[in-house]
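Here are my notes for someone opening this one for the first time. Have the sequence and the 3D view side by side as you read.

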Amino acid sequence: MTTRLTVTARTIIVLLSAVVFAMTACVKDHCKKTHAYTYFIPVYKSQAEVVAGIKSNEPKAMEKTGKIYIYGKYVFLNEIDRGIHVIDNTNPSSPKNIGFIDIPGNVDLAVKENVLYADMYGDLVALDISDPRNVKLLKKLDDVFMERKWMGGFSTSRNGEIVVDWIQKDTVVEMSCEREVNIFAGQADVFFLAAASNSNKSVSPVGMGGSMARFTIVNDYLYTVDNHSMNIFSISSASNPVRKDHVFAGFDIETIYPFKNTLFVGSMNGLYIFDISNPLSPARVGEFNHARACDPVIADEKYAYVTLREGTNCGPAKNELLVLNVENLRSPSLVKQYEMGRPHGLAKDGDLLLICDGQFGLKILNAAKPNDLKSLGTIGNIDTYDVIMMNKIALVVAKDGLYQYDYSDVSNIRLLSKIQVENKP
């Protein structure tokens with residue numbers, strides 16, 4: 001075993017710097033203040049060990065879930081930056097966590113023909129999941145997601161080694177007001193957050209199958225987005241993905257959603273619409289600009305539904321749902337906007353629209369008239385992130401677990417099951 005925990009001399013990487021200080025004295029010559037820091041030290045493994053570990057392993061308790069994908073009777077649920085839980089959902093009332101696929105740096109996933117595609121920091125891996133209890137690595141494409149390989153300037157690989165975990169450390173330092181001292185100077189491989197002692201240190205799931213996805217498949221092509229770009233992979237031979245192109249998609253891209261020959265790309269600044277009639281040459285044909293905000297989107301023949309929420313990286317926009325008319329892709333227009341609490345992912349089946357409204361629960365809406373949505377109620381006491389609706393079952397990823405609801409009777413939506421998340425600091 002060559003797992004190594006290291007701190008060496010390189011540049012410090014700051015993810016968030018919001019230093020909160022408390023004055024312990026106000027005398028001019030004796031002013032003091034304290035800084036409370038949360039920082040993380042990376043744990044490395046050799047690339048050979050990491051690749052050998054990309055297989056079916058024993059099931060693990062869920063700790064920090066992210067994006068979700070349904071394939072056949074299985075649910076694949078991302079554990080942020082660690083891998084993918086495999087859930088046998090033959091009986092939605094009694095789902096079974098049957099395994100875990102270790103993929104360091106994993107956030108997104110998609111499946112075609114028993115092949116699961118997933119990011120591993122900057123790499124793309126293709127896995128044979130024809131037997132989810134015996135997953136096998138088919139192919140790895142190196143350095144195709146460069147923004148994931150370099151996180152704010154921090155390299156997730158080093159001398160053939162890859163970050164597989166982070167050790168969290170908390171510290172409080174007192175120093176003179178007259179002179180700032182960087183306590184991390186001379187240390188490297190330190191990825192830290194500065195935080196007040198009373199701050200909420202939980203990390204929302206980053207982003208996310210479902211409306212939060214950055215991976216999507218249309219026919220023989222896998223499309224992925226990062227902050228500014230769209231990658232196009234040919235998967236006509238599912239087990240042999242081939243990167244075909246890398247094109248500029250816009251700024252601050254967050255999500256991608258397919259509908260027929262169209263890709264709806266959500267960004268912090270607006271909705272971008274791409275025609276993929278020529279799948280290798282996505283053409284941006286329309287856009288709808290909005291105030292800066294986090295922006296998942298879903299769409300159908302006539303309408304796109306966009307949730308906007310404020311957040312640390314998203315800006316001060318309102319929390320709301322926008323309904324857009326997209327019959328003319330070149331000129332989408334606003335139909336109506338609806339006030340929300342703090343919306344994230346959403347899904348629609350027929351006239352039923354479900355919105356994950358963060359800590360305000362799961363909103364249930366009748367969308368028969370997009371310009372006059374009717375509330376059918378809210379499932380409360382659940383901090384929701386994303387939802388997929390299929391076969392009258394809604395799978396809801398929440399902060400404390402994976403919920404499944406039967407919505408065959410919209411007047412009596414029933415909880416079928418829940419897999420608990422073991423939240424850790």
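1. Helices (H or I, at least four residues) and strands (E, at least two) are DSSP runs, numbered from the N terminus. With that in hand, look at Gly270, which sits opposite Asn289 in S26.

2. Some ground rules. This is a predicted model, where local features need pLDDT of at least 70, side-chain atom pairs count only at pLDDT 80 or more, and totals for chains, interfaces and linings use all residues. Residues are numbered from 1 along each chain as its sequence is written, and side-chain values use heavy atoms, with hydrogens and water left out.

3. Now the overall picture. The chain has 38 strands and 2 helices. Of its 425 residues, 52% are buried (buried means under 20% relative accessible area, exposed over 50%, partly exposed in between, with a 1.4 Å probe and protein chains only). The accessible surface of the chain is about 19000 Å², and carbon and sulfur atoms account for 49% of that; these areas come from the Shrake-Rupley method with a 1.4 Å probe, and for residues only the protein chains shown count as cover.

4. Back to strand S25, residues 270-275. On one side, S25 is joined to strand S24 (residues 262-267) by 5 bridges, and the two run antiparallel. Leu263 has Phe274 in S25 as its bridge partner. S25 also pairs with strand S26 (residues 283-289), again antiparallel, over 6 bridges. Is S25 enclosed or open? It is largely enclosed by the rest of the structure, because 5 of its 6 residues are buried.

5. Met268 has 11% relative accessibility, so it counts as buried. Its C-alpha atom is 9.6 Å from that of Arg309, a residue 41 positions away along the chain.

6. Elsewhere there's an open sheet of 4 strands, in the order S10-S11-S12-S13, with antiparallel pairing. Its edge strands are S10 (109-112) and S13 (136-141), each pairing on one side only. From one strand to the next, the twist averages 25° (axes are lines fitted to C-alpha atoms, for helices over the stretch in contact, and angles run from 0 to 180 degrees between N-to-C directions). Within this sheet, S11 (residues 115-120) and S12 (residues 123-128) run antiparallel and share 6 bridges. Tyr117 is partnered there with Ala126 in S12.

Technical notes: Two strands pair if DSSP finds at least two bridges between them.
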